[in-house]
Amino acid sequence: MDADIVIDARGLEPPEPMVRTMAALEQLGDAQKLLVLLPREPYPLYRALEINGFSWQTECRPDGTVEVLIRHQPQ
Amino acid sequence: MQALLSFDQAPPFSAPIRFFVSAPLFAILAGLLMLWSGPDLFSSRWTPAALALTHLITAGFMLQVMLGAMFQILPVVAGANISRPLLIATVVHAAIALGALLLAAAFLSHQPLAFRLAVISLGSGLALFAGAAGHALYGVPSRNPTIVGLKLSLVGLSMTVGIGALLAIALDASLALPLLQLTSIHLGWGFVGWGMVLLAAVAFVVVPMFQMTPPYPPGVARHFCWSVLVLLSLWSVVELADWQWPAALLAGALVLAAAVFAAVTLHVQRRSKRARFDATQHYWRVAMLCALAACLLWFLASLLPTLAERPEWPLLCGVLVLSGGFMSVMIGMLYKIVPFLVWLHLQNLGGGRVMAPNMNKVIAGEQIDRQMRAHFVSLAVLLAAVAWPEWFTYPAGIALVVANSWLLRNLLAAVTFYQQHRSTIQGLAPAVATGR
């Protein structure tokens with residue numbers, strides 16, 4: 001996936017993946033994309049993205065890694 | 001600073017925490033019961049005090065932790081939100097707490113009315129929970145082994161409670177039912193269909209997440225929960241029909257499945273990236289070793305009839321499974337779940353103006369370590385009490401009270417930490433602090 005910022009949160013203990021993703025979202029420019037790599041589907045993150053005005057696409061790699069590509073919702 | 005909200009519809013902090021704080025109270029009562037009844041408690045698994053003690057741990061301690069954890073895990077792991085979580089948690093918590101107390105009182109007093117009230121209280125509370133959790137999970141695709149396991153565990157819970165209610169009514173009304181077989185089936189569904197299936201479903205997520213291990217082997221994760229439930233159902237039918245050989249064979253397969261799960265967990269744990277084990281990891285390791293010891297004991301008893309005839313062996317298995325296995329895992333998990341909840345709610349309340357404190361500061365590390373040692377001492381003394389009840393029953397009762405008072409203290413410390421920081425946040429940022 002083509003992204004401006006990439007966070008590989010696969011080896012991090014909770015709540016670190018959430019903390020880093022939320023921090024990166026604050027810095028995310030209007031046209032930029034953030035890619036987060038996780039070991040599982042982040043249901044709480046989806047809700048956080050929804051209420052903060054982001055859209056996302058999720059894909060699962062064959063090795064079980066979940067890729068979440070995030071961007072601002074179009075105005 | 002994070003100005004973003006992380007959630008708006010997660011269960012309020014007080015929904016799961018009430019279950020967690022209540023759990024050690026039941027174990028303290030179990031310890032007091034041991035002191036009150038004395039060494040006679042250990043003369044057989046069927047003594048009124050032994051039955052009351054077992055249910056204070058299972059329907060008291062364990063049920064409180066398991067339901068509290070499910071309130072939290074369903075939305076986080078499965079994306080399944082229980083509607084009106086605070087109302088449901090309040091009613092379910094009150095009903096099962098009262099029900100567990102009534103059940104223990106019923107075993108001790110043999111009062112039919114106490115059995116009836118216990119069935120009504122526990123049954124209605126658990127029916128409400130199973131309905132609410134089932135409704136939340138309905139329509140959630142079974143995308144991973146954890147979601148499948150969570151759904152199946154509700155079947156296990158319903159069967160355990162259903163058969164338990166039948167037994168309580170049968171004791172009261174002297175119905176002509178095969179009580180011994182039904183008791184075995186109730187125990188099988190409680191330990192395996194509800195306890196082990198839920199534990200495995202949760203372990204597939206939380207062991208890699210919190211213990212920095214590789215994932216469970218996909219074959220184990222994918223097939224464990226449903227195959228265990230199929231084996232358990234078949235075993236229940238042949239056990240009721242009194243077909244001894246097939247029943248023994250299927251029971252052996254179930255015990256072997258439990259041993260495989262424990263061995264795989266130990267194997268996965270050995271590959272943890274963390275250089276030094278924390279309390280949660282120690283708790284899990286001891287729990288899995290106790291589970292393996294209980295399985296070994298079970299197989300030895302099936303091979304050696306002289307061992308099976310001794311009243312100590314089911315008691316020894318019971319202590320290994322309940323205090324060594326389930327209680328250890330649950331306390332170990334509480335030390336991750338509770339600080340995480342405190343952090344999550346404070347982070348959201350802060351709304352970017354106040355940073356949530358570090359998760360590791362919620363409960364002091366040395367207090368966790370001391371409580372863990374107290375729990376392991378209580379486990380050792382309990383095992384000794386099974387072998388030499390006249391010497392060790394009173395020390396075991398005291399040890400159980402001490403270890404669980406310490407757990408209660410640690411959990412209350414987390415609640416106080418949450419309340420203090422919430423007050424600080426509300427003082428600084430009244431506009432965003434609206435949590436309960």
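**Exercise 1. Find the elements of chain B with the lowest and the highest mean pLDDT, then judge the confidence overall.**

Step 1. Helix H10 (residues 305-308) of chain B has the lowest mean pLDDT of the elements there, 88, while helix H12 (residues 365-387) of chain B has the highest, 98. pLDDT is the predictor's confidence in each residue, from 0 to 100. Helices here are DSSP runs of H or I with at least four residues, strands are runs of E with at least two, and both are numbered from the N terminus.

Step 2. Keep in mind that this is a predicted model: local features need pLDDT of at least 70, side-chain atom pairs count only at pLDDT 80 or more, and totals for chains, interfaces and linings use all residues. Residues are numbered from 1 along each chain as its sequence is written, and chains are lettered from A and ligands numbered from 1 in the order in which they are written.

Step 3. Zoom out: chain B averages a pLDDT of 93, and 95% of the residues score at least 70. Now look at residues 432-436 of chain B, where pLDDT stays under 50. Where pLDDT is low, the predicted coordinates should not be read in detail.

Step 4. For the complex, the predictor gives an ipTM of 0.79 and a pTM of 0.93.

**Exercise 2. Describe the fold of chain B, and say why it counts as compact.**

Step 1. Count the elements: chain B has 13 helices and zero strands.

Step 2. Its radius of gyration (taken over C-alpha atoms) is 21 Å, close to the 22 Å from the globule rule (2.2 Å times the number of residues to the power 0.38) for 436 residues, so chain B is as compact as a globular protein of that length.

Step 3. Check burial: 52% of the 436 residues in chain B are buried. Buried means 20 or more other C-beta atoms within 10 Å of the residue's own, exposed means 12 or fewer, and partly exposed is in between, with C-beta atoms placed from the backbone.

**Exercise 3. Work out whether the length of H8(B) agrees with its residue count, and which helices its buried residues pack against.**

Step 1. Pick out the buried residues of H8(B), including B:Leu250, B:Leu254, B:Phe261 and B:Val268.

Step 2. The buried residues of H8(B) pack against H6, helix H7 (218-240) and helix H9 (279-303) of chain B.

**Exercise 4. Sketch chain A.**

Step 1. Chain A has two helices and four strands, in the order β-α-β-α-β-β.

Step 2. Buried residues make up 21% of its 75 residues.

Step 3. An unreviewed UniProt entry annotates residues 6-72 of chain A as "domain: DUF2249".

**Exercise 5. Describe the side of chain B that touches chain A.**

Step 1. 22 residues of chain B are in contact (C-beta atoms, placed from the backbone, within 7 Å) with 18 residues of chain A.

Step 2. Helix H2 (48-78), helix H6 (179-211) and helix H11 (312-350) of chain B each give two or more residues to that side. H6(B) gives the most, with four.

Step 3. By class, this side has 16 nonpolar, four polar and two charged residues. Ala, Val, Leu, Ile, Met, Phe, Trp, Tyr, Cys and Pro count as nonpolar, Asp, Glu, Lys and Arg as charged, and the others, Gly among them, as polar.

Definitions and conventions
Two residues are in contact if their C-beta atoms, placed from the backbone, lie within 7 Å. The expected span of a helix is 1.5 Å times one less than its number of residues. UniProt positions are given in the numbering used here, feature names are shortened, and annotations may be inferred rather than shown by experiment.
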